[in-house]
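Subject: A structure for you to explore

Hello,

I am handing over a protein structure for you to look at. Please open it first, and then read my notes below.

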Amino acid sequence: MSLLAACGGNASADGEDKKENKPSPTGSAAGGSASSGAGAFTITHVGGPTAVLEIAGQRILIDPTFDAPKKYKSGMSKTKGPAFGPEKLGKIDAVLLSHDQHDDNLDGKGRELLKDIPVVFSTPGAHKRLGDHITPMKNWEERELKSSAGTIKVTAVPALHGPDGVSRGADGEVTGFVLSGKGVPTTYISGDNASVKVAKQVGDRIKKDIGAVDTAILFAGAARTPAILDNAPLTLTSKNAALVAKDLNPRKVVPLHTDSWDIYSEDIKSLVKAFQDQGVADKLVDLEPAGKKKDLS
């Protein structure tokens with residue numbers, strides 16, 4: 001059964017989402033809507049947090065992880081390989097790297113890939129550790145990605161790699177991102193944030209400064225490890241992801257970071273149930289099978 005079917009939504013025979021003939025709840029004037037005619041708006045899930053986002057004429061890679069299953073020195077294990085390898089990526093215009101400290105967000109092959117990408121946005125700490133090829137971004141700092149199709153404004157936004165109530169997350173700084181601009185669907189990428197409070201603060205500022213959120217890409221899976229924060233969730237639990245989706249009220253929600261690693265304590269099934277419980281299951285994008293391009297327009 002597909003995710004959409006499990007949510008009570010509609011799915012076509014080939015697994016592609018059926019478009020609904022109803023207006024988007026998001027506004028197009030400030031941040032742009034998915035139907036603004038800026039070309040393809042798609043996502044391809046590679047595995048774990050890794051995905052290729054095609055938006056406003058550019059191809060953006062999120063948190064590259066391409067190793068085969070293995071155990072890492074950190075103690076975590078990769079349990080499932082990527083849907084495809086770097087050789088099948090095609091041209092990538094930029095990488096959005098939430099952080100570099102953990103193997104499930106940047107593994108060995110992902111690190112090798114970074115040197116071949118023209119632009120890599122990440123944290124100031126990643127710049128110090130990985131070198132000048134990384135463009136460091138502090139919270140609410142803005143950069144631009146330009147192409148013949150237009151300009152994408154990239155804004156770094158706060159993320160807490162731990163739950164509400166902790167002053168510092170797991171192993172230091174992480175970042176989320178917002179993509180916006182003329183003809184660009186305003187897209188929030190949470191990164192490894194576990195805090196509902198932080199996500200709400202980000203959402204409130206996006207709505208104030210940019211406009212309604214069109215699409216939210218949420219890292220879920222409730223990652224846990226006994227050695228960090230007493231096994232507290234380091235990414236959104238299923239319930240908290242649903243609460244964030246309910247608060248931000250995006251047109252669509254793309255769930256990442258729920259598979260392929262042994263540190264994820266919750267899976268896509270629990271995520272679907274939590275979204276059903278909160279009445280927002282119709283927003284979820286079905287990413288199965290991995291490696292298949294999904295239309296977000």
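Which side chain meets that of Arg-143 in a salt bridge? The partner is Glu-141, with 3.3 Å from N to O. A salt bridge here is a side-chain nitrogen of Lys or Arg within 4 Å of a carboxyl oxygen of Asp or Glu. Arg-143 is partly exposed, with a relative accessible area of 32%, and Glu-141 is partly exposed too, at 26%. (Buried means under 20% relative accessible area, exposed over 50%, and partly exposed in between, using a 1.4 Å probe and protein chains only.)

Before going on, please keep in mind that this is a predicted model: local features need pLDDT of at least 70, side-chain atom pairs count only at pLDDT 80 or more, and totals for chains, interfaces and linings use all residues. Residues are numbered from 1 along each chain as its sequence is written, and side-chain values use heavy atoms, leaving out hydrogens and water.

**The whole protein**

The protein has 6 helices and 15 strands. These are DSSP runs numbered from the N terminus, with helices being H or I of at least four residues and strands being E of at least two. Of the 297 residues, 55% are buried.

Side chains of opposite charge can pair when their charged atoms come close. The whole structure holds 13 salt bridges. One of them joins the side chains of Asp-100 and Arg-129, at 2.8 Å from N to O. This pair links distant parts of the chain, 29 residues apart: Asp-100 is in the loop between β6 (94–96) and α2 (108–114), and Arg-129 is in helix α3. Asp-100 is buried, at 2% relative accessibility, while Arg-129 is partly exposed, at 47%.

Arg-129 is also one of the contacts of Thr-123 beyond its neighbours within four places in sequence; Ser-98, Pro-136 and Glu-173 are among the others. You will find Thr-123 in the loop between β7 (120–122) and α3 (124–130). Thr-123 counts as buried because its relative accessibility is 2%.

In helix α6, Lys-273 and Asp-277 lie 4 residues apart, about one turn of the helix. Their side chains meet in a salt bridge of 3.1 Å, N to O, and Asp-277 is exposed, at 54% relative accessibility. Elsewhere, Glu-54, Arg-59 and Lys-293 are linked in a network of salt bridges.

**An open sheet**

Look next for the open sheet of 6 strands, in the order β9-β10-β11-β12-β13-β14, with mixed pairing. (Two strands pair if DSSP finds at least two bridges between them.) β9 (142–147) and β14 stand at the edges with a single partner strand each, so one side of each has no neighbour in the sheet. Strands β10 (150–158) and β11 (175–180) run antiparallel and are joined by 6 bridges. Ala-156 stands opposite Phe-177 in β11.

**Helix α5**

Which residues of helix α5 (238–248) are buried? They are Ser-238, Ala-241, Ala-242, Val-244, Ala-245 and Leu-248. They lie on the same side of α5, because they cover an arc of only 160° around the axis, taken from the directions from the helix axis to the C-beta atoms. Their cover includes β12 (187–189), α4 (196–209), β13 (215–219), β14 (252–256) and α6 (268–277).

Enjoy exploring!

How values were computed. Contact means heavy atoms within 4.5 Å.
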